[in-house]
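Trainee: I would like to learn how to read a sheet and a metal site. Please go through them with me.

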Amino acid sequence: MILIVEDELAIAEPLQYALRAEGLVNEHCVLGRQVVPRVRAGGVALVVLDVGLPDGSGFDVCRELRTFSDVPVIFLTARADVVDRVLGLELGADDYMCKPFSPRELVARVRARLRRTHAAPPTPAPAPWTVRGELAIDLEGHRIRFREQILDLTRYEYTLLAALLARPGAILSRAQLMARGWDSDADSADRTVDTHIKTLRAKLRSAGADKELIRTHRGLGYALEP
Ligand code: CA
């Protein structure tokens, strides 16, 4: 729902009509003090806010809105001066229109604004890092970091270290480690694992690891320092 806050009916009524014609549900109120309770009540997708209201300034209304809401605001201002526009935008307005304007143009701006709101990417969730000592793994992003540094790993290195990280302290045989990662014949399997473990260790060292994080268990396999 679009909330129109405007004390001049000669402006509000054609605007309501133009919005309705475009299928945009709207409500109209005249006073600034009606705005915050109406937005708090929910369902307001955008506010068209006159700057000069009978009970005060639209800027003050916007300032109060911004303490609890990101609802898009388009200001209607009678004064075309730059100060007004800058102040409005600094207060968190998304757009403004100078009177007189055509209702049709405002409807187009409302539509553009609503599209941007819907198209806006959701705030990215914090990366889902699972921390194991100085190492941390992001399973979704296939990333492993040591301290704060994300390691530049090949797919095999990542798979090996991820397998070790899944069970810190557990000794995983080369065959088990291979099974996680890739197909290869048994002969080259051991050497392949050893090779990647070697490059992994080198990368961990150059990332600042001062002790061996991947321990060799002779005849058994490898384990991550628990
Ligand atoms: Ca007015």
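Mentor: Begin with terms: two strands pair if DSSP finds at least two bridges between them. Helices (H or I, at least four residues) and strands (E, at least two) are DSSP runs, numbered from the N terminus. This is a predicted model, where local features need pLDDT of at least 70, side-chain atom pairs count only at pLDDT 80 or more, and totals for chains, interfaces and linings use all residues. Residues are numbered from 1 along each chain as its sequence is written, and side-chain values use heavy atoms, with hydrogens and water left out.

Trainee: Which residue in E9 is the bridge partner of valine 131?

Mentor: Strands of a sheet pair through backbone hydrogen bonds, either parallel or antiparallel. Here the partner of valine 131 is alanine 136. E8 and E9 (residues 135-138) are antiparallel, with four bridges.

Trainee: What is the order of the strands in the open sheet?

Mentor: The order is E8-E9-E10-E11, with antiparallel pairing. E8 (129-132) and E11 (149-150) are at the edges with a single partner strand each, so one side of each has no neighbour in the sheet.

Trainee: Which residues are the protein donors of the calcium ion?

Mentor: Donors are N, O and S atoms within 2.8 Å of the metal (3.2 Å for Na, K and Ca); water is not among the atoms, so sites may look incomplete. Here they are Asp7 (OD), Asp50 (OD) and Gly52 (O), 2.2 to 2.3 Å from the ion. Aspartate 7, in the loop between E1 (2-5) and H1 (9-21), and aspartate 50, in E3 (residues 46-50), are 43 residues apart.
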